[in-house]
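Here are my notes on the model, as numbered points. Please read them with the structure open beside you.

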Amino acid sequence: MNLTLKRKMGYMKTSHNCGLDGLLVKKSKPYDMLKGSMKNTEVKRKVFNIVKLLLHHIFATPFTKMEKDLVNDGSHQYFEDVLQKIEENKYEDSQQVFDDLNDILEATTRTKKEANLMLLGNIGIEVKKITYSTEDVELMANQMRKKIFNFQENLFQQDLEFYQDEERQNLEIIQPMDDFEKTFKTLQSRYPAVPALILMTKALDISLSKSLDLDFIRNELEETNKKYQPKFKSYKFFPSRKHDFNMDKVIHSYIAGYQFHKMITKLSNSPVPMRTILNMSDAIESITYIENKKSTESYEKQKDLFKKQGKEDENGNVEEMLLFHGTAVASLDSILTSNFIVDALPQQLNTQNEQRKKTMMFGRGVYFSELPAISLMYGNGLLLCKVLPGNCEIFKPKGVPPPEISAEYDSREVQSNNSQGVIHVVKSPAQILPYCVIQLKKQSLSSQYTKPSQC
């Protein structure tokens, strides 16, 4: 469709008696529905979603409200103002909306030529200045004009197809093409991991055009869905007086809670410091059970290997333990996604505001403890893991650091002078399966600790 025809259709006399939801078409008024009346619910919804999509476009920043523009004196319009006017039913037809959008592009470009355009706005959680050159704004405006024109042309092209159908059928009920909202919801249900903005773009493309390659879109969304698919599933539970024993995965929260309460009350002559936890009986804020398919497969493979190597107990089972690991809360997501990395550096800073060094004083590996009070010395992120100790070496500190764990052992257990296991060093991440995240209440996390005992 050429621009002249599009403009002609855009400024024709409005008729409010025609709609797109099952509409009765008469030859005497063939162009009424080509008008794009904003009185029509379907037209208004599609135009609103188009503007909303444009608002989030990568080149839309100079034409949107930033921090300094939140209070608008009316001298300049932004894309948000167009959205507001649509919601307030201030437009007679869709052409007026597109004209306003193009006027905003023109006015902003003109303003840039007259004065240096500087935007002050929130970028993430920081407030930053964004300065655009004249060339930047002109380039972005041209890209937005193309986008607006494509949306507008597709919208009118769809209306023209209605008219052509009417010519063939005459006085028959014409059903609209796929509804945007319905298409968007369908895409959301099929591709739940894809960001809503991407799905909105595809839904608009599908609802406004009949010449798209749907197989290509389907394949593209499937790949995008895989890309954004969470690497693990999580099930969060909160302590309560009431219990729903039929709740999916709830048994794991009971296991984790039991292990925490059993071990938090244990005292030990530990060779390392132990954090003081206040109000221990009511310290848990939540417990999140974790399922990571890749980590589970790696763990089960290692378990099978230990069984083949004869590393079993007297009952023929490969030994498994539940051990605690303390880390920065910010590190939890990475661990839950990709499991542990032996040489990963701590994220916490020391007293000199420098990155804390990783000492590994009891040998190279991932460090755990049976006692959560010890693990919490290393961060507020408390992770309970399943661990395969394999062939484990027992070590009791005598004031001298031990050598590295020899090849014949898979792990090392550091014991206190009363033979209580306090530190476990695990050689390989394949021996570890993150199980539950235990979040403690802030008021229970004190800065106090007990000093290590002299060995």
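1. Tyr378 counts as partly exposed, at 36% relative accessibility. On this scale, buried means under 20% relative accessible area, exposed means over 50%, and partly exposed lies in between, with a 1.4 Å probe and protein chains only. Tyr378 sits in the loop between α12 (372–375) and β10 (381–387). Helices (H or I, at least four residues) and strands (E, at least two) are DSSP runs, numbered from the N terminus.

2. This is a predicted model, in which local features need pLDDT of at least 70 and side-chain atom pairs count only at pLDDT 80 or more, while totals for chains, interfaces and linings use all residues. Residues are numbered from 1 along each chain as its sequence is written, and side-chain values use heavy atoms, with hydrogens and water left out.

3. Together with Met377 and Tyr449, Tyr378 makes a nonpolar surface patch of about 280 Å². Patches are made of residues with over 30% relative accessible area and no salt bridge; like charges are joined within 9 Å, and nonpolar side chains (Val, Leu, Ile, Met, Phe, Trp, Tyr) within 5 Å. Accessible areas come from the Shrake-Rupley method with a 1.4 Å probe, and for residues only the protein chains shown count as cover.

4. The protein as a whole has 12 helices and 15 strands. Of its 455 residues, 45% are buried. Its accessible surface comes to about 25300 Å², and carbon and sulfur atoms account for 50% of that. Among contacts (heavy atoms within 4.5 Å) between residues at least 6 apart in sequence, 70% join residues at least 24 apart.

5. Which residues have the most contacts inside the largest nonpolar core? They are Phe63, Phe79, Val97 and Leu101, in a core of 38 residues. α2 (41–55), α3 (79–87), α4 (94–114), α5 (134–169), α6 (180–190), α7 (196–208) and α8 (214–228) each supply at least two residues of this core. The largest share, 7 residues, comes from α2. A nonpolar core is a set of buried Ala, Val, Leu, Ile, Met, Phe, Trp, Tyr and Cys residues joined through side-chain atoms within 4.5 Å.

6. Leaving out residues up to four places away in sequence, Phe63 touches a list of residues that includes Tyr78, Phe79, Ile104, Val137 and Met144. There is also a second, separate core, which has 33 residues, among them Val272, Leu371, Phe395 and Leu440.

7. How many salt bridges does the structure hold? It holds 13, a salt bridge being a side-chain nitrogen of Lys or Arg within 4 Å of a carboxyl oxygen of Asp or Glu. Side chains of opposite charge can pair when their charged atoms come close.

8. One of these bridges joins Glu88 and Lys90, at 3.1 Å from N to O. Glu88 is partly exposed at 37%, whereas Lys90 is exposed at 53%. Glu312 and Lys307 meet at 3.0 Å, N to O; Glu312 is partly exposed at 37%, and Lys307 is partly exposed at 42%.

9. Lys226 bridges to Glu223, with the closest N and O atoms 3.9 Å apart. Both residues lie in helix α8, 3 residues apart, about one turn of the helix. Lys226 and Glu223 are both exposed.

10. The structure holds 0 disulfides, a disulfide being a pair of cysteine sulfur atoms within 2.5 Å. For Cys436, the nearest cysteine sulfur is that of Cys385, 9.5 Å away. Cys436 is buried, at 0% relative accessibility, while Cys392 is partly exposed, at 24%.
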